[in-house]
Amino acid sequence: MSNISAPNSSLVLALKAVKQLRLEASVRRIKVSQAAAELKTFCLQNAHKDPLLTGVPSSDNPFRPPQVMHPPLTPVKNKRLISVDFCHVPRCLWRKGSQEQTHTKHKSG
Amino acid sequence: MGEMEELRKEMENLKDQITAARKTFQDSTLQEAAAGVTVVGRVQLKTRKTLRGHLAKIYAMHWGTDSTLCVSASQDGKLIVWDTITTNKVNAIPLKSSWVMTCAYAPSGNLVACGGLDNMCSIYNLKGKDGNVKVMRELAAHTGYLSCCRFLSDTEIITSSGDCTCVLWDIETGTQKTVFAGHQGDAMSLGVSPDFKFFISGACDFTAKLWDIREAECRQTFGGHESDINAIGFFPNGNAVITGSDDATCKLYDLRADQELLTYQDSSIMCGVTSLAPSKSGRLLLAGHDDFNVNIWDMLKAERVGVLAGHDNRVSCIGVSTDGMACCTGSWDSFLKIWN
């Protein structure tokens, strides 16, 4: 093609740009007040379904190994001496606190 | 050259028209609408899993729709599909080109894709008959690097490229269905709308564009950033777009009001945003930065409510699982971490 095509192609590009701007100018808009209100509502209505926001209890967290808990000691009413099997003492009594960090509860607005 | 001058004048007029039209719909702000909402309390997520195995910088990751598997791409030349709960590697796929910049998991779970400086998007079938993962298609036509790719289905994928275009491909035939041209700089990132009808792209021309996939046209362009947009994503309801830029800020644009609603910035944050992901309700915005951290923002109040510090190098990619249960970060330190 000759030199004439060079200015023509920039014309073609400019025409395309104008056509695109006309399309974007004609888009139907809604008021920011309505758009913002709907965004806010969506966040608040779905907050309870957002695990990163509400926090995940360890028992429901697929990424944390389940904790093994022993059954608690039942109170002894009979005064006669009864041998106690120490294996049934709850872990929290003979261990210095849990090795896993407790999860922080998040407040949501 | 009278015609060019006239066209330039018309372009300026139309741009002024758009600015004016947006202003007339700006009867309020998101700050005002959210004035009665209390800021989210401090968000402290903990690393629950560390996925070790890559031998070089991780450039991209993408969750599968089952919220358990994810795929990561590293410049060690591997795509790894991880079971994030057991931390096992389900697949370790060697790549022809190690200069990978993006990866994607198909919604069906059957395919993964990746690409980078080879200018191609390679599709891998994870569910091949003999159990081996093989290249199913190599989508070649871009004249620049592949910066991002996202599946619409097992038969269609959208790519963004350093050649300034985005392309919709037919995977079965390996051909381009639609070329989305319009950006004046490298297209760096893309996101698909929840209803799969639209996609958004962020580019080095500092703008984000909304594209109608079937009508094959750009519907809206959003400016305001002062540098390259590296990361982009849809707000969960599909009505707003979030962008992250080298100018160290993130912005929220509403699609129906056709304008910016909020900027997420802090004078103490000086490093560019590399990646972003909203939480399931959209209330939290997680943004990965060049300074090795992930900042967590309250999206309605534009206040920083948390930081994820755990990587020893740039956070290059981030994703929140489909069920919202966890966030995954990938870094140049070669590790992926699962947080919640």
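Colleague: Thanks! Which helices and strands does chain A have, and in what order do the elements run?
Modeller: Chain A holds 4 helices and 0 strands. Reading from the N terminus, the order is therefore written with helix symbols alone, as strands are runs of E and helices runs of H or I. The elements run α-α-α-α.

Colleague: Which element supplies the largest share of the largest nonpolar core?
Modeller: That core has 29 residues, and B:Tyr264 and B:Leu285 are among those with the most contacts inside it. Elements of both chains each supply at least two of its residues, including β20 (250-254) and β21 (259-264) of chain B and α2 (32-46) of chain A. The largest share, 5 residues, comes from α2(A).

Colleague: How many residues are in the second, separate core?
Modeller: Its members include A:Leu52 from chain A, along with B:Val294, B:Val305 and B:Trp339 from chain B. The count for this core is 18 residues.

Colleague: Which element of chain A has the lowest mean pLDDT?
Modeller: Chain A averages a pLDDT of 73, and its highest element mean, 97, belongs to α2(A). Over residues 81-109 of chain A, pLDDT stays under 50. Where pLDDT is low, the predicted coordinates should not be read in detail. The lowest mean, 44, belongs to helix α4 (residues 91-94) of chain A.

Methods
Residues numbered from 1 in each chain as written. Chains lettered and ligands numbered in written order. Predicted model: local features only at pLDDT ≥ 70, side-chain atom pairs only at ≥ 80, totals over all residues. Heavy atoms only, no water. Core = buried A, V, L, I, M, F, W, Y, C linked by side-chain atoms within 4.5 Å. Buried < 20%, exposed > 50% of the residue type's maximum accessible area, 1.4 Å probe, protein only. pLDDT = per-residue confidence, 0-100. Contact = heavy atoms within 4.5 Å.
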